[in-house]
Amino acid sequence: MAVTIKSPREIELMREAGKILAKVHAGLEKELRPGMTTLEVDRLGEEMIRSFGCIPSFKNYNGYPASVCVSINEEVVHGIPSKHRIIKEGDIVSLDIGVIHKGYHSDAARTHAIGEVPEAARLLIERTRQSFFEGMKYAVAGHHLHEISNAIGAYAEGFGYGVVEDLCGHGIGTHLHEDPEIPNFRQFRRGIKLRPGMTLAIEPMINMGTADVLWMDDDWTVVSEDMSLSAHYENTIVITEGKPEILTLTDTEIEAGIWK
Ligand code: MF3
Ligand code: CO
């Protein structure tokens, strides 16, 4: 499938989808606390998504059974919510959520610290987020896709982290996953040329230890092979002639200067 260029009307719908998803993330962040089950997180997330008149895009996607992927500590992505899984003080919890609004998708992930976490865990979360913003420096029309991949990977590797290679970011629009595939590590080829109107979900997944990952017996949950902590940060963006527009930030995040 070719990489599509979205029209201004499509971008406006994705902007709305992104703003709603940002609000869902902010709403869930407020609710997260020790003692909560991951199923409660999913239920709350689904309620919030539906309260905006949107559809949770992950639910039943290739058989995935929930609306919010909840991945704790060494779980990289795609943790399945369960009433038996309890979030504890000191955990790091990644929430990955997708919504469909008027036929258009947005997709974003955040990793949160639950109460006090070790300094090393806090740094992993912060640097995973920063790796995304390092990539944004190249997410400009005229640059090539893999300049984003290289920037993310080089930044994270600089701390000795393992940059997950088995999962990638992706184009997004009327489908959750569109071309191109967007790796988070150094590439030999430069990749496609970026053009205004391309909409991309960029999502570094960074491990404290090895980059290698395993799939658990549930066929979904991805964990770091050495069981080291893992963080995830994802936004849906639009390529423009200048700096990219990040669709899945809250107004509060933007006002706080996360993306200048
Ligand atoms: N952000 C992930 C992705 O883009 C979420 C997909 S999870 C699934 O691949 F449940 F929908 F598969
Ligand atoms: Co994604």
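Biologist: Why does aspartate 251 count as partly exposed?

Modeller: In this predicted model, aspartate 251 has a relative accessibility of 45%. Buried would need a value under 20%, and exposed a value over 50%. Because 45% lies in between, aspartate 251 counts as partly exposed.

Biologist: How do you know that aspartate 251 forms a salt bridge with lysine 19?

Modeller: The closest N and O atoms of aspartate 251 and lysine 19 are 2.9 Å apart. The rule asks for a side-chain nitrogen of Lys or Arg within 4 Å of a carboxyl oxygen of Asp or Glu, so the pair qualifies. Aspartate 251 belongs to helix H5 (residues 251-255) and lysine 19 to helix H1, so the contact ties together parts that are 232 residues apart in sequence. Lysine 19, with a relative accessibility of 26%, is likewise classed as partly exposed.

Biologist: What makes the contact of lysine 102 with glutamate 16 a salt bridge?

Modeller: For lysine 102 and glutamate 16, the closest N and O atoms are 3.8 Å apart, and the cut-off is within 4 Å. The pair therefore meets the definition. It links distant parts of the chain, 86 residues apart: lysine 102 sits in the loop between E4 and strand E5 (104-113), and glutamate 16 in helix H1 (residues 8-31).

Biologist: How many salt bridges does the rule give, and which residues are linked in a network?

Modeller: The count comes to 14 salt bridges. Glu12, Arg15 and Glu245 are linked in a network of such bridges.

Biologist: Why is strand E2 described as largely enclosed by the rest of the structure?

Modeller: 5 of the 5 residues of strand E2 (residues 68-72) are buried, so the strand is largely enclosed. Val68, Val70 and Ile72 point one way and Cys69 and Ser71 the other way, all of them buried. E2 also pairs with strand E4 (residues 92-101) over 5 bridges in the antiparallel sense; in E4, serine 94 is the bridge partner of serine 71.

Biologist: How do you know that methionine 198 is buried?

Modeller: Its relative accessibility is 4%, which is under 20%, so methionine 198 counts as buried. Methionine 198 is found in the loop between E8 and E9. The C-alpha atoms of methionine 198 and serine 7 are 9.5 Å apart in space, although the two residues are 191 apart in sequence.

Biologist: What makes E8 and E15 the edge strands of their sheet?

Modeller: The open sheet has 5 strands in the order E8-E7-E9-E14-E15, with antiparallel pairing. Strand E8 (178-182) and strand E15 (245-246) each pair on one side only, and that places them at the edges. A hairpin through 6 residues joins E7 to E8.

Biologist: How do you know that E9 and E14 pair?

Modeller: Pairing needs at least two bridges, and 4 bridges join strand E9 (residues 199-202) to strand E14 (residues 235-238). The two strands therefore count as paired, and they run antiparallel. Valine 238 in E14 is the bridge partner of threonine 199.

Conventions:
Residues are numbered from 1 along each chain as its sequence is written. Chains are lettered from A and ligands numbered from 1 in the order in which they are written. This is a predicted model: local features need pLDDT of at least 70, side-chain atom pairs count only at pLDDT 80 or more; totals for chains, interfaces and linings use all residues. Side-chain values use heavy atoms; hydrogens and water are left out. Buried means under 20% relative accessible area, exposed over 50%, partly exposed in between (1.4 Å probe, protein chains only).
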